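Me: I've just opened this one in my viewer and would like a second pair of eyes. Can we go through it together?

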Amino acid sequence: MPDEQGQDRIAIIGMGIRLPGAGRDLDRFWHNIENGIEAMTFFERDQLLSWGVPEEVIDHPDFVPARSVLDDYDRFDGRLFSYSPQDSVLMDPQQRVLLECAWGALEHAGYAPIAPDGNRIAVHVGTGLNVYLLDVLWPNARAVKSAGGLQILISSDKDFAATRIAYKLNLQGTAFTVQTACSTSLVAVHLAVQSLLTYEADIALAGAATVAPPTRRGHLYEPGGIFSPDGRCRTFDNAAQGTVDADGAGILVLKRLEDAVRDNDTIHAVIAGTAAVNDGARKAGFTAPGPEGQATAIRSALAVAGVDPDTIGLIEAHGTGTILGDPIEVSALRAVFGTDRGDNPRCALGALKSIMGHLDTAAGVVGVIKTVLALKHRTIPPVARFTEANPALELEKSVLYVPTTATEWPTIDGVRRAGVSSFGIGGTNTHVVLEEAPPKVRTDRRRRPVSELILVSAKTEQAATESLTRVNDFVAGTKPEDLADVAFTLRTGRVEFPWRGFIIRTPDEDLKPLRPVRRASAQAAERGVAFFFSGGGRLPGSPHTYNVDPHFRTIVDRGYAELRSRDSEPDLETRERAGRFALALAWVDTLQRRGVRAAAMVGQGVGAVASACAAGVLSFGDGIDLAVRRPRTGATLAAPGTPLYTRDGTPITAEQATDIDYWVARFDEPHDREFAPPTTGPDPAAWLEIGTQVLAHPDVEPPPMSNGLDKMLGTVGLLWEMGIGGPWAEELDLGRSRVPVPGYPFAPTRHYLDIPATAKERHL
C-alpha cells in the first residue's frame, strides 16, 4: 500500500520487550511511559560487595550506585529452547534475552515462533559487550576448562546472536548480527526494512539487547562526561548532567504493509521511511556527536518517506541528557524542522532515557516501541523530571517543545506521524519515520458470533496450566465478535507442544470450569480415531449447527433436496432415513474440516451406508437412492479409502464394499440404541459416535455442552489434547485476523555462575 509518491511502507506487526520496570509487559511499559515512572535502581553497599564490585570503587566519592536493571537478568527458560543447564549458564545473557524476545515478538504478531520450512523470515539483531564473559565466566577457571574453548566462543561471541535465533526458531531468511554501538538496534530496523523492500525477506525481526552482570551496577561520574552525578537522566533540562546505564531488549516484527493488510495482520504502526549515515570526520572527535550527520539522517529518512517535516508531531530523541549531546541534537533538529510550521501544532520531543537511562545497543528499537505505543494510544508522553529547558537548546527559536504531562496527540493533515533517532558513538546515525496504523477494515463474513474452540499448549504441565488460566481470563473479557480471531491466532500462531488444554467459549454463556491439561501421545496419534456410525439420535439433530454453519447446512439441505427429487411425498420413515444419512455425512464433513479424519469406520443400519459414503465407496446420491429403497441399477462402487468394519469388528472386503446389494441389506439391519463399538478389529485411541450429533467416547469425560456444535468442538478439543488432529480447512479461517493474545508463559530458572573470588579484584 504505497503512499502518493510511490514509496513502500512497512508494517510493524509484532513487538517483544524485556525492560526494567516492565518485564515483558507492553501495557505496563506504556503505563510507565505515560506517567513518567522511572525504572532506575539504586544499590546498597553490601549488595555491590556481594556482586564483586571492588571496595575501593564503591567508596570512591564519584561512584554512583545506579542502573536500570532487569529483575530476572540471571534467569532463562532453557528448557523451552532445548538447551541444557550447562549450555544455558555459558551463554551470553544478552543472547538468551534476545531468544525469548524473538519468541514473544513472533507470538505477539500471531505467528508460530518455530516457523515452517520454506519461510523467508530474516533476523537483524545486535548485542552489547559481553561483560558476563569478562567479569563472571572467564575468571571461573573450572567452568572454562570444563566447557572448552570452542563452546565458550559459540556461547559468547556476538557473531552468533542472529544465527542462534535463526537456528532455534527455524528462520530461513538472512541472519545478520549488527554492531554500530548505541545505534545498533535502529540500524537493525533500517536493514530489516531494506530486506523487505528488496523482497529478500517476507517477514523480518529487528532489535538488540544489552545486559550487564551485577559487577557493572554503577558508574564513576566525570564532569562533562556521559554519566549522571546522581543516577538520574534529565534530558533537555537545564540541570542535565548525563545519563545512567540500563539493561533491556526489544525486537520488532516487520512486514510489507500491503502483505500485512492482505493477511489480516494486526498493524501497530507503519514505518514510512528510514535512513542511516555516518558523520565521517565532520565532528570534534571520534566519540563526539556531529550535528551535520544527524541532520542528514533525519532529512534522508523524511525524503525516503515522502513526508513533510511539518507533519511530524513527535520526535523520540536520542536524548542522552548530557551537556554536550542535547544541544547538538536539538540544533540538528532545528536545522531540519525550521522555526515555523504555520497553523500546525508544534512538534513534541520525547526521551526514553528520562525514565530508563541508556539502553545502549537496544536504545533505538525500544524508542520505536515506545513511539508505536504512543501512536496507538494517540498520546504525547511526557519527558520525566523536566522543569526548565537548557538555554543552549534555543527551543524558542524552533517548532519544538518538551511535554511535561501526557496529552492528547492531535493529527496533522489527518494523520499522526513521528520520528525516532538513534546516534552511535563512532558516528553511525539513524532515523526512522513512523505513521499510525491505517484503519482496520474487517472482512469477517460471519453474520453473528458462534462458539469457538480455544487451543493452548506448552512444553511442561505447569506452563500449560498457567497458559490455560491466562488465556481463560483473556477470553472472559473478549468481545463475542472478536472470539474467532483469538481462536484462529492461538490455533495457527503458536507452536504445538505436548501438554495441552482447551476452552469452548460460547458468546452467550458463562465460562465453564477449566479442565486439567493433558499430555499428547505419539501412540495415540498413530492409532488415530475411529468413527462409529450409529444411525441413531434425535431428529432434527442440531438446529443450532444448521443455522450457523453454512457447510453443514448445505449437506443437510442436499439430502432433503435429493430425496424430494426422487419422491415428492416421502413417508416419515423415508424422510428419517434420508435425514439421518445426510446428518451423519454433514458431521463427518464438519470434523474433517477441523482436522479430524477417521483411521477406521464402523456402521450399523443407516450409519453403515453413511460410513460407506464417507469412505468413498458410495456417492451421496447412491445413499439417498438406498434411503428410498431404489438402488441405482449398475451403480459403480469404489474400494473404500478408509478401512470399513462390521459391527462385530470383521473387516469389510473389497468385494463386499463394491456390491450394491450388500449395502441394501445393511441399510435395513437393526441397530442398538446404545453405543457398542466392536471389541475386535480396529484399535483406535478414541471412538466417535456419529448419529444426528457427534458424541466422543475417549478415556476421559468430555465437557458438558448444551448443543451439537459445542459438543463437536469439545470432541475436536479432546482429540487434539490426545495428539489426534490436523490442519483446519482454509475456508474456516477466511476473514480471520491475527491479533495479540497471551503468549507463552516462560518458565525461567537461574542459569548464572557465581562470581569467583578472583573476579572480585576486577575494576569497573
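Me: Let's start with a sheet detail. In which sense do β12 and β13 pair, parallel or antiparallel?
Reply: Parallel: strand β12 (residues 314-316) and β13 are joined by three bridges. Before we go on, note that this is a predicted model, where local features need pLDDT of at least 70, side-chain atom pairs count only at pLDDT 80 or more, and totals for chains, interfaces and linings use all residues. Residues are numbered from 1 along each chain as its sequence is written, and side-chain values use heavy atoms, with hydrogens and water left out.

Me: What counts as a strand here, and as a pair?
Reply: Strands (E, at least two residues) and helices (H or I, at least four) are DSSP runs, numbered from the N terminus. Two strands pair if DSSP finds at least two bridges between them.

Me: Got it. Which residue of β13 is the bridge partner of Glu-316?
Reply: That would be Gly-350. β13 also runs parallel to strand β15 (residues 400-401), with two bridges between them. There, Ala-348 stands opposite Tyr-401 of β15.

Me: And the faces of β13, which residues lie on each side?
Reply: Cys-347 and Leu-349 are on one side, with Ala-348 and Gly-350 on the other. Buried means under 20% relative accessible area, exposed means over 50%, and partly exposed is in between, using a 1.4 Å probe on protein chains only. As a rule, side chains in a regular strand alternate between the two faces of the sheet.

Me: How many bridges join β19 to β20?
Reply: Seven, linking β19 to strand β20 (residues 499-505). One example is Glu-452, whose bridge partner in β20 is Arg-505.

Me: Nice. Changing topic to aromatics: how many ring pairs are there?
Reply: The count is 14 aromatic pairs. Rings of Phe, Tyr and Trp (its six-membered ring) pair if their centres lie within 6.5 Å; planes under 30 degrees apart are stacked, over 60 edge-to-face, and the rest tilted.

Me: Take Tyr-73 and Tyr-752. Why does that pair count as edge-to-face?
Reply: Because their planes are at 85°, with the ring centres 5.3 Å apart. The two come from distant parts of the chain, 679 residues apart. Tyr-73 is in the loop between β4 (66-67) and β5 (75-76), while Tyr-752 is in the segment after β27 (749-750).

Me: Are those two tyrosines buried or exposed?
Reply: Tyr-73 is buried, at 12% relative accessibility, and Tyr-752 is buried too, at 8%.

Me: I also spotted Trp-103 beside Tyr-744. What is the geometry of those rings?
Reply: Their centres are 6.0 Å apart and the planes are at 70°, so this pair is edge-to-face. Trp-103 belongs to helix α5 (residues 93-109) and Tyr-744 to the loop between α26 (708-722) and β27, so the pair ties together parts 641 residues apart in sequence. Trp-103 is buried with a relative accessible area of 1%, and Tyr-744 is buried at 8%.

Me: Which residues form a cluster with them through ring pairs?
Reply: The cluster linked by ring pairs holds Phe-76, Phe-81, Tyr-83, Trp-103, Phe-497, Tyr-744 and Phe-746.
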